[in-house]
Structure formats: structure tokens, C-alpha cells
Amino acid sequence: MPDFIKAATEKAAELAKQTTHYAGNAFDRVFRASSLVQAGQTPFEMLHTDGLVSLRYYPPLQEDFIELDDITIPVERKSHRTPVVIVPPLAVNMLIYDLFPKRSLVKLLRAKGFEVYLIDWGKPTRAHSHYNLHTYVAELLPASLDRVREHSGQQELSLHGWSMGGMFTLFYSALSKDQHVRNAIVLGSPIDSHASGILGLLNQRLADVSNSIHKRTGFRLHNLRPHWFHSPGWANTIGFKLTNPIGSFMGYWELFVRLGDREFVTSHATTSAFLDRMVAYPGGVVQDTVVRIWIDNQLARGTVQIGDDRVQLNNFSANLFAVAGSEDTMVTPDAAKSLMDHVSSLDKTFRVTHGGHMGILAGSKAPAESWLEIAEWLALRSD
């Protein structure tokens, strides 16, 4: 066989092999995406559920070492006295806290010797539309913390709140004046919503319109039934992606370009499993957040009305570690940093790290930029 024919045959065979490989990855990503998802592999025990809200406990790890990206971390067998309670935001599913076997926040905290609990807010329906910020801050969250204290035998707790979960953490601690909240980690939580870039400018214009309508008619959004504000999961998924439309498009473009990279395809499917499975916001929470946090920007003055109660941030005194993302378009560093001016904490730290709203919690840079520092910070304040 002439050499040129042999070379052409080999090239055709290699091309056929690559085509089959690409086609297989594409088929799995589209039709068998769940088989690629690596999230949610760390074992946990369900301590309690009321049909909506549930409480998880992550027992000691069985392995002696874990892998955090390219770092090998020994598993500490002695537990710190103060447990960590993860307080998620609404709308998200819990995969975000255990996203990859080598990038799992719950696994890292457990490896670092912390007793780890996680509150799962469940999947609200229209039947829960009357649930508002007060429902979560003054009823559901304290009930879960009581169960953590009962199970752990410890009164002092560390709370870890991302986004709205950070607001829940701050509001609960300030409203209840719970002196047994020893430490708080707050990531990507808005304090001055009018300072949050383009979104902040939009909030300012909405405030002008709202105030004008109120002066002329007496009408406020809280005059409407919470039922009208119920936000289904699919709408939250679209809304979250629209906060960074270019990034969302580029993510799928990169998937197309790297379709031959099985590891990347698996990573994309895993991340999408979180983004594409968002759950509903109760109408009352949307109503409170839009009016109190976004439009009225009450937290910029260090206070916020929830139900019949008024939260004063200066009543918050726990040790505080706050994080903002340099690329976060929802809660910019300018929108988050004023928290330091309102709380009474003597021990407080503010960090700006790389990443958007999701990235500061579970992005590829989060373990090196914040997780290890947070774990060390907590360890020094948990015994």
C-alpha cells in the first residue's frame, strides 16, 4: 500500500475515533447529564424534617486524607467544640455545598475537625407564598438551631451564610441577640443595595418611582398579596443566569469548543445540575426583599423591618468574617463592605476575593482564596 494511502487511512481512522468520542460526550451531556453529575457524594444523616425544612448532619469522614483540588489535606480526628451550621439562601439546591469530590465545602470543614450541620430550606410551593423574611429569621431558623444544639450538646455555634443565607444569619443574630452565636461567616450579602453597580442604579430608579407613586396614591408593594410575588424555580434559574448573560453564553460556548474533554464535560454537567435545579422563592420573601432590601435600601442605614420587628445590625456582636466577590454583579464589594460599619463585632474581617456571586462560595478559586483561610479563622475561635 502506498504511503500516502496508508497515511490517509490512518488519519481517517483517527478522525472517526475523535468523532465518536465527541458524539458520545455530546449524547451524554444532553441525554444522560445526571450520570455525569459529581455533586452530593459526601454522606450525611437527616436529623429532622417537617416536610419542607430539613436538617442535615455530616458525620466524621472515614478516610484519613481528602483531596482539595491539588492539595492533600489530612483528616483531623479531634473535633472543635463549636459546630458549624451552614445557612443557605433560598432558591438554591444543596449541591452547591458539595459540588465536586475534590471541591466540597462540607467535606473540607469536616476534614478540618468541625461538626457540620446544614439547613435545607426545601422546595416551597404556592402554599408557602405567605412565608416572608420574618418566617425564616424568627421561626424556621431558630427552630433548626435548637435542634443543632440538642444534637451536638453545644450552645455556642458558628453560622455560615451565603447571599440571602448571610442576611438570615445577620438578622437572626441581631434580632434574637443570641449571644451563643460565636462566629459568623457571611458571603455575598447585600447591605447597601444602591451601591451595587448597574443593579444598584436600577434599584435607585425603582426607589424614585416607588416613592413618587406612594406620595401620590399611598400605594406600596406590601399592599399586594404575597401570592402575586411567588417566583417559581425556572424563573429563578433564568434570573440568576441573566445577572451574567455573557458568562452564561460563554460557558456553553466553551462546552462546545471542549466537547472532546470528558473531564470538562463532566464538570459542566455538575455545575449545571446546581444552576438548572433552582427552586421557588415564597412570595412574601420576594416582596420583603424587593421592597426592604433593594428599593428602600434599609440596610444601608443599619436597620431593616421584617414583619412587626425591626432588626438593628448594631445588635450583632459575633466574630465576623465577611467576603465579597470582585466580579460579583449582584452584590458588589461596595454593596457588601458597609456591613463593617454597622455591626458591633470587635473581631471582624472583610475580604474581597476573585469570583462572581456563585464563584465566591464554590468556584474553582474559592478553596485557595477563602475556604482554607475561613477554616483557619474558625479553628482559632471554636475551642
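Residues are numbered from 1 along each chain as its sequence is written, and side-chain values use heavy atoms, with hydrogens and water left out. Because the model is predicted, local features need pLDDT of at least 70 and side-chain atom pairs count only at pLDDT 80 or more, whereas totals for chains, interfaces and linings use all residues.

Secondary structure elements are DSSP runs numbered from the N terminus (helices: H or I, at least four residues; strands: E, at least two). Helix H14 comprises the 14 residues 366–379. At 1.5 Å a residue, H14 should span 20 Å, and the 18 Å between its end C-alpha atoms agrees with this; the expected span is 1.5 Å times one less than the number of residues.

Accessibility was classed by relative accessible area (buried, under 20%; exposed, over 50%; partly exposed, in between; 1.4 Å probe, protein chains only). The buried residues of H14 are Ala366, Pro367, Ser370, Trp371, Ile374, Ala375, Trp377 and Leu378. They cover an arc of only 165 degrees around the axis, and therefore lie on the same side of H14; the arc is that of the directions from the helix axis to the C-beta atoms. Ala368 and Glu376, on the other side of H14, are exposed.

Side chains of opposite charge can pair when their charged atoms come close. With a salt bridge defined as a side-chain nitrogen of Lys or Arg within 4 Å of a carboxyl oxygen of Asp or Glu, the count comes to 10 salt bridges. One of them joins Glu156 and Arg81, with an N to O distance of 3.2 Å. Glu156 lies in the loop between helix H4 (133–152) and strand S7 (157–162), and Arg81 in the loop between strand S4 (71–74) and strand S5 (84–87), so the pair ties together parts that are 75 residues apart in sequence. Glu156 is partly exposed at 23% relative accessibility, as is Arg81 at 36%.

Glu156 also forms a salt bridge with Arg182, the closest N and O atoms being 3.2 Å apart. Arg182 lies in strand S8 (residues 181–187) and Glu156 in the loop between H4 and S7, so this pair ties together parts that are 26 residues apart in sequence. Arg182 is partly exposed, at 22% relative accessibility.

A further salt bridge links Asp208 and Arg205, again with closest N and O atoms 3.2 Å apart. Both residues lie in helix H6 (residues 197–217), 3 residues apart, about one turn of the helix. Asp208 is partly exposed with a relative accessible area of 43%, and Arg205 is partly exposed with 45%. Through shared partners, salt bridges join Arg81, Glu156 and Arg182 into one network.
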